[in-house]
Amino acid sequence: MAVKKIESALVSVYYKDNLEPIIALLKKHGVKIYSTGGTQKFIEEQGAEVIPVEELTSYPSIFGGRVKTLHPKIFGGILHRRENEGDLAQAAEYGIPAIDLVIVDLYPFEETVASGASEADIIEKIDIGGISLIRAAAKNFKDVIIIASKDQYTELEAKLAEQDGGTTIEDRRYFAAQAFQVSSNYDTHIFNYFNQAENIPALKVSETKAKALRYGENPHQAAHFYGDMEALFDQLNGKELSYNNLVDVDAAVNLIAEFPDQTAFAILKHTNACGCAIADTVQEAYKKAFEADTTSAFGGVLVTNQTVDKAAAEEMHSLFFEVLIAPEFTEEALTVLKGKKNRILLRQKMALPGTKMIKTLLNGIIEQDKDLATESKADFKVVTKVAPTEKELDALVFAAKVCKHTKSNTIILSNDTQLFSSGVGQTSRVDALRQAIIKAKEFGFELKGAVMASDAFFPFPDCVEIAHEAGITAVVQPGGSIKDQDSINYCDAHGMAMVMTGVRHFKH
């Protein structure tokens, strides 16, 4: 691999962290350095000589710094082809020096948007010169090496140290690819900012953090996670999260978010709650959640919305589970829970962001709004002669929340504080109900006085008939069937209460 010595460089950066070692290497190898403004001052402070860009272009920085490097002597120095006689002749004619290395980064657009800054401040953080320099240098990677982010400083430093101040074509092509990743990600975030208002039908997604997972859903499937997991969680213990762990963790934090004003606990398997409860303490909520299905809880993902204390930790310590998520853990609880080294403990730092969901499908991608609708008592329309009692209304709200996060077709049976059972992912709503009844009885729950939630309407009255026979007294469902009245009539004839929400919660 032939090494090409770097003889000249353009350095103009927003972030100067860890730039010193590179400047020292450029100085050591006698590289001619061009720079601008604050970067020029920084380089001079390192004891290196700098040629101001204004001296090269014979043009000052204008429009408050909006135009500094946008000049033929800069872009010609980057883009002219060193093996092309015509290009070389023109470079000589117009006094355009070769630029072999470009180190540039971009104004912090994402960070400025995230800070809640004004639109005027956000617009000023749309980089023009930087993005143009990146594209030009990356395009001419045969002759020029481009460093487009402070995250690449260390790699460049290693290359220059190992190769006596030079680079190979493989190095330059690699950094060009990295540069186009930086520029495309930058443009994606700018587009998405503008598209909040314009709603242009285009899907732009860019994640720059990637983590290889052990495998996907099954060992023969490769998998990666793209995103900033550390922004959401601190991992306090345990092995690395797997693909299936991540899918269940996502389901768990979405479900527990439905109970912001209560102490709640849920146990999930394959994205469905096999236990969910609210109580006065985390310990009690866990016990009630565990009771719903002591078999499925084995190997599950556990989540709560309150601090896990020592009492709660000791209660759940004997259970084998994969993951426990909480907003905080006491030191005493961590001492107990860390007793099993592979047990994953996640401290959740923030709510899940975003309002959209995407999924690959066929030869494309489907996108939809997240299901952010959650029904309260105020959203219930009583359609039967008998209205639910206040306790039944509380139970219907609880059941509806769990139902929303359970695979369709689904039926949820509960009281006002505890999931009794669920029928999950069945092809028939009747089968879902029968499955739920069988499970409730298997784990010793008395269904007399329980409530039922359905994720979609009843096309026939068979479900309310079966529910009544099991002892269920109140039902919540979306409604919307052409035969709604048949189910209502059955409830009226048997003293059952039914409310409709008008909102379906299919989950495929």
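# Strands, salt bridges and a surface patch

User: Is Ile365 buried or exposed?
Analyst: Buried means under 20% relative accessible area, exposed over 50%, and partly exposed in between (1.4 Å probe, protein chains only). Ile365 has a relative accessible area of 51%. Because of that value, Ile365 is exposed.

User: What kind of model is this?
Analyst: Residues are numbered from 1 along each chain as its sequence is written, and side-chain values use heavy atoms, leaving out hydrogens and water. Local features need pLDDT of at least 70, side-chain atom pairs count only at pLDDT 80 or more, and totals for chains, interfaces and linings use all residues: this is a predicted model.

User: Which residues make the nonpolar surface patch with Ile365?
Analyst: A patch takes residues with over 30% relative accessible area and no salt bridge; nonpolar side chains (Val, Leu, Ile, Met, Phe, Trp, Tyr) are joined within 5 Å, like charges within 9 Å. Areas come from the Shrake-Rupley method with a 1.4 Å probe. This patch covers about 360 Å². Beside Ile365, it is made by Leu203, Val205 and Ile358.

User: Which strand holds Ile365?
Analyst: Strands (E, at least two residues) and helices (H or I, at least four) are DSSP runs, numbered from the N terminus. Ile365 falls within residues 364-369. That run is strand E17.

User: How far apart are the closest N and O atoms of Asp369 and Lys356?
Analyst: A salt bridge puts a side-chain nitrogen of Lys or Arg within 4 Å of a carboxyl oxygen of Asp or Glu. Asp369 lies in E17 and Lys356 in E16, so the pair ties together parts 13 residues apart in sequence. The closest N and O atoms of this salt bridge are separated by 2.5 Å.

User: Which other residue forms a salt bridge with Lys356?
Analyst: Lys356 is partly exposed, at 46% relative accessible area. The N to O distance is 3.7 Å, and the partner is Glu367.

User: Which residue in E15 is the bridge partner of Phe233?
Analyst: E10 and E15 (residues 344-348) pair in the antiparallel sense over four bridges. In E15, the partner of Phe233 is Gln348.

Methods:
Two strands pair if DSSP finds at least two bridges between them.
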